[in-house]
Amino acid sequence: METPPVSIALEQLGVPHTVFRHENPVHSFEQAASDRGQRASQVVRSILFRIAEDEFIMALVAGPAQVSWKILRKHLGKSRVSMATEDEVLAVTGYRIGTVGPFGLLNPVKVLIDSSVMLEEEISIGSGMRNTAVILKSADLHHALKDSEIVSLTE
């Protein structure tokens, strides 16, 4: 069975993790959490934002919480921020929307970790492959993302 790219990147970094493969296609955030035996707050979404022409930032957010545009713009000192398009996500990360994780990216991207992510000991992130997730400890995620910043991005 093919090893997901995020798992390969984590192995190279020496980060302990497990790969979870869904038996059936995932159609919702809640289903993903339930299948993994997790609460919604343990499922971490990797969201790519365009902050300038050819400049992107990734926000990791736990559960169904939404990034506050106002807080994000203020934190970045930018008056304009937009979500990356589907084509931009693929070009920058190498992953399709719904599979994005913060490791093994095609291009280096600064990562902001919403403080909600660190409230859970164990989390799951995108693996780079459909219907597959990577489960790891939030402390290991933060440690492996050496240049990341923990900030409060949600209201």
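Three strands form an open sheet in the order 1-7-6, with antiparallel pairing; two strands count as paired if DSSP finds at least two bridges between them. Strand 1 (18-21) and strand 6 are the edge strands, each pairing on one side only. On average, neighbouring strands of this sheet are turned by 35 degrees against each other, direction ignored. Angles here run from 0 to 180 degrees between N-to-C directions, with axes fitted as lines to C-alpha atoms, for helices over the stretch in contact. Four bridges hold the antiparallel pair of strand 1 and strand 7, and V19 has V134 in strand 7 as its bridge partner.

Helix 1 (residues 5-13) lies across strand 1, strand 6 and strand 7, and runs at about 30 degrees to strand 7. Contact means heavy atoms within 4.5 Å.

## Basis of the model

This is a predicted model, in which local features need pLDDT of at least 70 and side-chain atom pairs count only at pLDDT 80 or more, while totals for chains, interfaces and linings use all residues. Residues are numbered from 1 along each chain as its sequence is written, and side-chain values use heavy atoms, with hydrogens and water left out.

## Chain overview

The secondary structure comes to five helices and eight strands. Helices (H or I, at least four residues) and strands (E, at least two) are DSSP runs, numbered from the N terminus. Along the sequence the pattern is α-β-α-β-β-α-β-α-β-β-β-α-β.

A compact globule of 155 residues would have a radius of gyration near 15 Å, and the chain agrees, with 15 Å. The radius is taken over C-alpha atoms, and the globule rule is 2.2 Å times the number of residues to the power 0.38. Along the principal axes, the C-alpha atoms fill a box of roughly 45 × 30 × 30 Å. Of the contacts in the chain with a separation of 6 or more, 60% are between residues 24 or more positions apart.

Of the 155 residues, 47% count as buried. Buried means under 20% relative accessible area, exposed over 50%, and partly exposed in between (1.4 Å probe, protein chains only). The chain exposes about 8,400 Å², with 50% of it supplied by carbon and sulfur atoms; accessible areas come from the Shrake-Rupley method with a 1.4 Å probe, and for residues only the protein chains shown count as cover.

A second open sheet has five strands in the order 4-2-3-5-8, with mixed pairing. Strand 4 (82-83) and strand 8 stand at its edges with a single partner strand each, so one side of each has no neighbour in the sheet. Strand 2 and strand 3 run antiparallel and are joined by eight bridges; A52 has E55 in strand 3 as its bridge partner. These two strands form a hairpin with two residues between them, and D54 in the turn has a positive phi of about 60 degrees.

Strand 3 runs parallel to strand 5, with four bridges between them, and the bridge partner of A59 in strand 5 is L112. Seven of the eight residues of strand 3 are buried, which leaves this strand mostly covered. Helix 4 (residues 86-93) lies across strand 2, strand 3 (55-62) and strand 4, at about 100 degrees to strand 2.

## Salt bridges

Side chains of opposite charge can pair when their charged atoms come close. A salt bridge is a side-chain nitrogen of Lys or Arg within 4 Å of a carboxyl oxygen of Asp or Glu, and the count comes to four. One of them joins R39 and E120, whose closest N and O atoms are 2.4 Å apart. This pair links distant parts of the chain, 81 residues apart: R39 is in the loop between helix 2 (29-35) and strand 2 (44-52), and E120 is in the loop between strand 5 (110-114) and strand 6 (122-126). R39 is partly exposed at 49% relative accessibility, whereas E120 is buried at 11%.

E149 and K110 also meet in a salt bridge, at 3.2 Å from N to O. E149 lies in strand 8 (residues 149-151) and K110 in strand 5, so the pair ties together parts 39 residues apart in sequence. E149 is partly exposed at 30% relative accessibility, and K110 is partly exposed at 39%.

K137 and E121 form a salt bridge at 3.4 Å, N to O. K137 is in strand 7 (residues 132-137) and E121 is in the loop between strand 5 and strand 6, 16 residues apart. K137 is partly exposed, with a relative accessible area of 41%, while E121 is exposed, at 57%.
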